[in-house]
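Reader: I am new to this structure and would like to go through it step by step. Please show it to me.

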Amino acid sequence: MAEIALKGVMKAYGKFLVVHGVDLDIAHEEFVVLVGPSGCGKSTTLRMIAGLENISGGTISIGDRIVNDLPPRKRNISMVFQNYALYPHMNVRENLGFGLKIAGMAPAEVEQRVNEAAGILSLSSLMDRTPAELSGGQRQRVAMGRAIVRHPDVFLFDEPLSNLDAKLRGQMRAEIKKLHQKVKTTVVYVTHDQVEAMTLADRIVVMRDGRIEQAGAPMEVFNRPRTTFVATFIGSPPMNMLPGKINAGAVQLADGSSIPIPERLKAKTETGQEVVLGIRPDDISPVGHGLSQDGSGATLRLTVELSEPLGMESLLYTRIAGQEVQAKLYGPRLVKPGETLDFRLALDRAHLFDTTSGLSLEAA
Amino acid sequence: MSTTETFHPPINQRLKSAGLWLATFLLMIIMCVPGLWVVLSAFRPNSEILAKPPVWIPQNLTLDNFRKIFGLGSEQIGLPVGSYFMNSVIIAATSTFIALVIGMAGGYAFARYRFAGKGGIFLGLMLFRAVPGIALSLPVFMIWSKLGLIDTKLGLVIVYVSLNVPFTIWLIDGFFRQIPLALSEAAQVDGCTRWQAFWKIEFPLARSGIAAAGVFAFLTSWNEFALASQLTRSTDSKTLPVGLLDFTAQFTIDWAGMCAMAVIIIIPALALTFLVQKHLIAGLTFGGVKG
């Protein structure tokens, strides 16, 4: 069993605290993705789990061992690095077998394990090439092969796809997911790409400024963001945020216009409270092009400033109370800039956040 | 119609490239002539070397000059070339080895670790490198004479190590810096100790740099004349370049013998450079990590 437990884990560089007491329990065979913008402490946290960074405070345990003071080689983990970190002076076969050889495994067994990993990742035809003779995607697969060949307790991935082009990234994402289904192992995966986080994770951990902002299943984090930060970070294009004030059962916006409070949140608001109304672009659509007309909602007449046709849908840029808002139009209809349309806002899926704390009113 | 097409660069581009070749060729000739003259003179009798007008194409090649200096021929000049040669080999090899070991440890430390005063120490090393060795000869002579190190191999080895260490540290530091830290980390995750990660991953990748540092250190020690001429006296410690002075007498200079000895000095240096030249080609680290 290889569950990982982080208890009050801290990291300081000199006087600067970069990870502030992170608490996180990762179950056996769980796929957890740490996601957040640059400098949020996600990579540092991963490197502390790997043993590549000292821990300034708290404890990390893998299985039933506290690993704080164990060097990486004694933690039974393997790691895929952002820049692959393949050994340039060894061919693919030697790269894959290196860790087993160091562990003193018999050559026949090394060969069998290497071949098994090569089979899983379709590397068999590349075994005699050096890393310099491989494409980006192939290098990435070798790096993953090197990780699985040792049958570790835990896989750590440090932004493994960020050096690949968009198409290859999609393919490799699927391969990683398949790999996890085949080789059931606990995975901690670090990325700044929220699409990777959504698609791969059993559980997403959103980090910001060295703290966990929210942890939960991808759809839970998407549907019930705990803070404005999570709301804008998860989901693409990001959620529209409209600041306003509660007044007579509605959110009064900067220009005096108002949007009704979502039914389920009515009880949690008080008149005069400063709030931010969050609504995803998918939940604002021109009438007749996407959202159904029932349920709670509001219809606003808005002028389109810019349209980005994406094929089956278009992203429309418009303004509500002077603030730029993105909306979606489903179906291949061309919209010209300057065109005025009736937009339906699906308010049952909108969110309210407290302006000062940034916390969702739903959580309160 | 031909199926293959050849590309003909425009005429002025071809002229430019021809001009470049010619200039390079002329420059190479100018650089090579003195060396060539030394080598030719080593195989000719004194009479031909000193002939006026000069004899460019050798008329009779001979190994007599080499026999003479090794005391094998009929005409003997009885110079202890064998001892000089051994002294040179021992002093150059020992000082190179020590300078490399210190250079590797120091270069790795500068490339990989953060420590107090790092910048200052590095700058100090480079400044030390900028001081001409000969400027230190008098103080070194005085200290060495107090310590009884004059006319000993150890005395020269210490001088050459201290001359070479700043350079080896600087060069090897640069090579370790080029090797991504992630490689050593990957090796440690793969089960290596820090020491194993160094020997199995970082050392092989820095080999070309270490070889280059070794060649330069060896050549510096092998060719050094100024300090060696001050600090050596006898066959116990005299090196080949100092030995060249033995060919000058009060009224004559034995050019042929001197050139033969010069060839003996050049050959090991040249051979060494050829042996390690494949390691001198850097770029081994390309491909392991995305740039």
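This is a predicted model: local features need pLDDT of at least 70, side-chain atom pairs count only at pLDDT 80 or more; totals for chains, interfaces and linings use all residues.

Reader: Among contacts in chain B between residues at least 6 apart in sequence, what percentage join residues at least 24 apart?

Author: Two residues are in contact if their C-beta atoms lie within 7 Å. Among such pairs in chain B at least 6 apart in sequence, the share joining residues at least 24 apart is 75%.

Reader: How many residues of chain A are in contact with chain B, and how do they divide by class?

Author: On the side of chain A, 25 residues are in contact with 22 residues of chain B. Strand 6 (77-80) and helix 2 (92-102) of chain A each supply at least two residues of that side. By class, the chain A side has 17 nonpolar, seven polar and one charged residues.

Reader: Which element of chain A gives the most to the side of domain 1 that touches domain 2?

Author: The domain assignment of chain A gives domain 1 (4-232) and domain 2 (233-354), and their C-alpha centres lie 38 Å apart. Between them, 11 residues of domain 1 are in contact with 11 residues of domain 2. The elements of chain A that give two or more residues to the domain 1 side are helix 6 (194-200), helix 7 (218-223) and helix 8 (228-233). The most, five residues, comes from helix 8 of chain A.

Reader: Which residue takes a positive phi in the hairpin of strand 9 and strand 10 of chain A?

Author: Strand 9 (residues 203-208) and strand 10 (residues 211-216) of chain A run antiparallel and are joined by five bridges. A:Val205 has its bridge partner in strand 10 of chain A, namely A:Ala215. Two residues lie between the strands of this hairpin, and the residue with a positive phi, near 50°, is A:Asp209.

Key: Residues are numbered from 1 along each chain as its sequence is written. Chains are lettered from A and ligands numbered from 1 in the order in which they are written. Helices (H or I, at least four residues) and strands (E, at least two) are DSSP runs, numbered from the N terminus. Ala, Val, Leu, Ile, Met, Phe, Trp, Tyr, Cys and Pro count as nonpolar, Asp, Glu, Lys and Arg as charged, and the others, Gly among them, as polar. Domain bounds come from an automatic or database domain assignment. Two strands pair if DSSP finds at least two bridges between them.
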